[in-house]
Amino acid sequence: QSLRGSGDLGGAMAAYAKRAEMGEGTNDEEVYISLLERARLLAGPHGGGEYPAIEAAFLSAWMSRPTRSEALGSLAVYCLNSSRPIQAATFALIAAGIAKPQMDRLFIEEDWYDWKALEVFAEASYEAKNFQAAQETYIDLLVSPGLPENRRDSVRARPSRANTGRS
């Protein structure tokens with residue numbers, strides 16, 4: 001993480017890859033976090049990755065720990081931002097179906113389990129012109145206790161947008 005903080009993204013990606021290789025068979029959570037952070041760097045604005053390699057990196061992270069949703073959620077966001085809404089919706093929906101792990105301890109991003117995967121799914125559904133799925137998911141989010149107060153106003157405006165998109 002110090003390489004990442006100092007701006008040495010190439011060095012950080014190499015260190016994350018090395019850590020993942022060293023950890024196989026020992027601490028699965030550390031392997032997952034290393035693979036996840038490497039994928040995020042690759043997908044970032046200075047990562048230089050192409051879509052197939054980025055998708056493979058996120059899926060490799062997820063497959064190393066399929067009980068965690070952060071990798072699929074991050075891949076869904078990447079796809080949404082790369083004009084791939086159908087892929088984004090697919091990955092976000094799978095991420096939304098993963099329950100918050102009870103035994104894991106390292107860097108659990110609770111927002112993915114509480115609301116974020118569903119919000120990304122709704123946005124991706126809207127962009128893919130699946131307005132019904134988008135509207136229903138926005139409404140589900142609004143009644144969810146997991147959606148933070150600071151996100152409610154933004155989400156509250158979206159069901160009508162999704163409804164308008166149907167016409």
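Buried, as the word is used in these legends, means under 20% relative accessible area, and the model shown in every view is a predicted one.

**View 1. Glu119 and Arg158 meet in a salt bridge.** The side chains come together at 2.8 Å, N to O, and the pair links distant parts of the chain, with Glu119 in helix α7 and Arg158 in helix α10 (residues 158-165), 39 residues apart. Arg158 has a relative accessible area of 16% and therefore counts as buried, while Glu119, at 7% relative accessibility, is buried as well.

**View 2. Asp104 forms a salt bridge with Arg65.** The closest N and O atoms of this pair are 2.5 Å apart. Asp104 is buried, with a relative accessible area of 4%, and Arg65 is buried at 17%.

**View 3. Arg68 forms a salt bridge with Glu29.** Here the closest N and O atoms are 3.8 Å apart, and because Arg68 lies in the loop between α4 (51-64) and α5 (70-81) and Glu29 in helix α3 (residues 28-43), the pair ties together parts 39 residues apart in sequence. Both Arg68 and Glu29 are buried.

**View 4. Leu118 in helix α7 (residues 110-127).** With a relative accessibility of 30%, Leu118 counts as partly exposed. Leaving aside neighbours within four places in sequence, Leu118 is in contact with Ala96, Thr137 and Leu141; Thr137 and Leu141 are among the buried residues of α8. Leu118 and Ala96, although 22 residues apart in sequence, are 5.8 Å apart in space, C-alpha to C-alpha.

Technical notes
Residues are numbered from 1 along each chain as its sequence is written. This is a predicted model: local features need pLDDT of at least 70, side-chain atom pairs count only at pLDDT 80 or more; totals for chains, interfaces and linings use all residues. Side-chain values use heavy atoms; hydrogens and water are left out. Helices (H or I, at least four residues) and strands (E, at least two) are DSSP runs, numbered from the N terminus. Buried means under 20% relative accessible area, exposed over 50%, partly exposed in between (1.4 Å probe, protein chains only). Contact means heavy atoms within 4.5 Å. A salt bridge is a side-chain nitrogen of Lys or Arg within 4 Å of a carboxyl oxygen of Asp or Glu.
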